Amino acid sequence: MIKVENLVFDYMTKRALHNISFEIKKGSIVALIGPNGAGKTTLMRCLAGLVKPFSGEISVNGINVPEDSRRAHRHISYLSDVFGLYDNLTARQCLRYAALAFDLPPAEIEPRIVETAAMLNLTEHLENYAGTLSRGLRQRLAIALGIIHRPAFIILDEPASGLDPEARLELSRLFVNLKEKGHTLLISSHILAELEDYATDVIVLNAGRLVRYEQIGGNTVVSSQNPHVNLTIRVKGSADQLFSFLQNENCVSDLHRRHSSVGMTLWGQDDRLAALLKRLIAADIAVVEYKTTQSALKDAYFETLKEGD
Ligand code: ATP
């Protein structure tokens, strides 16, 4: 659905993107991560057709974005990390203005405003002026304005910044909801744990280069080359016996001991997990908790940056 080939972008004094290529499938939520200055915003602005690359191809739904950016804008929504609203218009007026700007048929405008406001939990704020809304509500209104025309591809730069935990959770739910409706999302954020809740794929950029593109499967712990999980085992009482036992296991590494638990990396997936638990019980170790944690995204990020050093 989205295809990027050999994308190069130059600022006057600096090459910001070097030969980037990737494809995004319809219905994915792609987390775009990387350190400050990696080129995330530049890449998003290229994908949204707001700036022209020096060379390379970008297509969204078969439309050549740099060549035909006006047509592409009907299929793409881009929310910048810093955005403005018409503070002297009510939320309803802002939405109507956006709907008219996107050429929605007049009969569809009011129902679409109602539907979009409901999706963003904005219904009871429709008659409030944008300038009087709280930060979280402004963020939701900005997203609503960007999706009123139901674009196929939604690009969001740091959409959760400055939001409280409840608003963030609502936003995560909205992203999953949009994905379920068939939209494709590209979201940049520095909050990896949150992206991990909903992202299906991850792109890691570093110094203008794509250093990793991996499916993280939306909540499953899969690293394609070296499948592993973070495992914590807690026992009744002291972890002495457990720790000695694990030191002789070759499917685990990075053991770190606490009073009654041991954390580790287990190399393998479900079969290995089940087999290890069976051996622990056979060895009469009183396991009271056996817990894996997801860290596919964090792993992808830090492993990749380490590899680049
Ligand atoms: P952050 O996480 O801090 O937002 P980013 O990954 O979005 O960073 P970009 O803003 O895309 O990174 O910047 C990529 C590189 O291009 C950086 O080195 C930045 O300094 C440089 N850059 C960005 N805008 C310009 C500009 N207008 N002129 C020259 N260089 C620029």
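**Entry 1: a rule before I start**

Two strands count as paired if DSSP finds at least two bridges between them. I keep that rule beside me while I look at this model, which is predicted. I also remind myself that the strands of a sheet pair through backbone hydrogen bonds, either parallel or antiparallel.

**Entry 2: the sheet with β1 and β2**

I began with K3 and looked up its bridge partner in β2, which is E23. Strand β1 covers residues 2–11, and seven bridges join β1 to β2, with the two running antiparallel.

Next I asked myself in what order the four strands of this open sheet come. I read the order as β2-β1-β4-β5, with antiparallel pairing. At the edges I found β2 (14–24) and β5 (63–64), each of which pairs on one side only.

Then I looked for a helix here. Helix α1, residues 40–47, lies across β1, β2 and β4 (55–60). I noted that α1 runs at about 120° to β1.

**Entry 3: aromatic rings**

How many aromatic pairs are there? I got a count of four, with ring centres having to lie within 6.5 Å for a pair. I wrote down two of them.

F9 and Y11 make an edge-to-face pair, because their planes stand at 70° and the cut-off for that label is over 60. Their ring centres are 4.9 Å apart.

F22 counts as buried at 5% relative accessibility, while Y213 counts as partly exposed at 28%.

**Entry 4: the sheet with β11 to β14**

I moved on to another open sheet of four strands, and its order is β12-β13-β11-β14, with antiparallel pairing. Which strands are at the edges? They are β12 (252–257) and β14 (287–293), each pairing on one side only. From one strand to the next, the twist averages 20°.

I zoomed in on β11 (residues 228–235) and β13 (residues 261–267), which pair in the antiparallel sense over seven bridges. Here N230 stands opposite T265 in β13.

Two helices pack on this sheet, and I took them in turn. Helix α8 (residues 240–247) touches β11, β12 and β13, and the direction of α8 makes about 160° with that of β12. Helix α9 (residues 270–282) touches β11, β12, β13 and β14, and the direction of α9 makes about 165° with that of β14.

I checked what lies over the face of F243. I found R257 there, at 5.7 Å from the ring centre.

My last stop was S244, which lies in helix α8. S244 has 39% relative accessibility, so I list S244 as partly exposed, between the limits of 20% and 50%. I also looked up how S244 is placed relative to N128: they are 116 residues apart in sequence, and their C-alpha atoms are 64 Å apart in space.

Technical notes. Residues numbered from 1 in each chain as written. Predicted model: local features only at pLDDT ≥ 70, side-chain atom pairs only at ≥ 80, totals over all residues. Heavy atoms only, no water. Axes fitted to C-alpha atoms, helices over the stretch in contact; angles between N-to-C directions. Contact = heavy atoms within 4.5 Å. Phe/Tyr/Trp six-rings, centres within 6.5 Å; stacked < 30°, edge-to-face > 60°. Buried < 20%, exposed > 50% of the residue type's maximum accessible area, 1.4 Å probe, protein only. Lys NZ or Arg CZ within 6 Å of the ring centre and 35° of its normal.
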